[in-house]
Amino acid sequence: MTTGLGTVLISEGEIRRRIAEIGRQISKDYAGRTVTLVGILKGSFMFLADVIRAISLETPVEVDFMSVSSYGDATTTSGTVHIEKDLGISIDGKDVIIVEDIVDTGLTLLHVYNILSARGARSLRVATLLEKPGKSRYDRPLDYVGFKIPNKFVVGFGLDYAQRYRNLPDIRVLDDEA
Ligand code: PRP
C-alpha cells in the first residue's frame, strides 16, 4: 500500500502477530530463568517495548539499554561504531538477549556482541525485528528474527531516516526507494 509517507512493507498487524510469537518463544526458551534484555538505542525501543510485554509474566525480565551509533544521518554505513551510552547494570552470569531493530551489515551487532560476551554473560542471544540480506560482518545465527526484508532503506516502528519517521506504526520504504 502506498501512502503519503512511503510504501508499507510490513503492516502493524503483521508486526503485532510476529512479536507475540517471538514473546512466546522467548518465554518457552527461558522458562525458569531470568532473562536480561539489552536494547540497542535508539531504533530498538519500540520492538523492545512490545516484545517485553509479550514475554510471560512467569519469566522474570530485566532490561537495560546501550546507545551505539554507526550511521549518522546517511543511508549508508560509515563502517565505524561508537558507544555513546553504556549499560548501567552488570550482565555477569546473566542470560542476555541483545535486542535490535535491524541487522543490516551486521557491524553494529558484531561490536555489541563482542563487548557483551567479554563481560561474562552466562548466555548471549540476539533478537532483531528485521534482518537484511548479506549481514556479512556478523556470522553467528540470529536467534529471534521478526522478518527478513529486501535490501531497501526502511523506516518506522523505531527506525529512522535522519531521525524522522520512528513514530510510524509500521515498516515502510520511502517512495523514492520503493
Ligand atoms: C541502526 C540500527 C542498528 C544498526 C544496523 O542504528 O538500529 O543498530 O543501524 O546496521 P548494521 O547492521 O549495518 O550495523 P543507527 O546507528 O542508525 O542508530 P539508531 O538506532 O539510533 O537509529
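Modeller: Buried means under 20% relative accessible area and exposed over 50%, with partly exposed in between (1.4 Å probe, protein chains only). This is a predicted model, in which local features need pLDDT of at least 70 and side-chain atom pairs count only at pLDDT 80 or more, while totals for chains, interfaces and linings use all residues. Residues are numbered from 1 along each chain as its sequence is written, and side-chain values use heavy atoms, with hydrogens and water left out.

A salt bridge is a side-chain nitrogen of Lys or Arg within 4 Å of a carboxyl oxygen of Asp or Glu. By that criterion the structure holds 11 of them. Helices (H or I, at least four residues) and strands (E, at least two) are DSSP runs, numbered from the N terminus.

Take the pair Arg18 and Glu21, bridged at 2.7 Å from N to O. Both belong to helix H1 (residues 12-29), and because they are 3 residues apart, about one helical turn separates them. Arg18 is partly exposed at 23% relative accessible area, and Glu21, at 40%, is partly exposed as well.

Asp29, also in helix H1, forms a salt bridge with Arg125 at 3.4 Å from N to O. Arg125 lies in strand E7 (residues 123-131), so this pair ties together parts that are 96 residues apart in sequence. Asp29 has 24% relative accessibility and counts as partly exposed; the value for Arg125 is 28%, also partly exposed.

Asp64 is in E4 (residues 61-69) and Lys85 in E5 (residues 82-85), so parts 21 residues apart in sequence are tied together. Here Asp64 is buried, at 11% relative accessible area, whereas Lys85 is partly exposed at 34%.

Asp95 falls in strand E6 (95-103), and E6, E4 and helix H3 (107-117) each supply at least two residues of the shell around the ligand. Strand E6 gives the most to that shell, with 4 residues. The shell has 18 residues in total, each with a heavy atom within 4 Å of the ligand.
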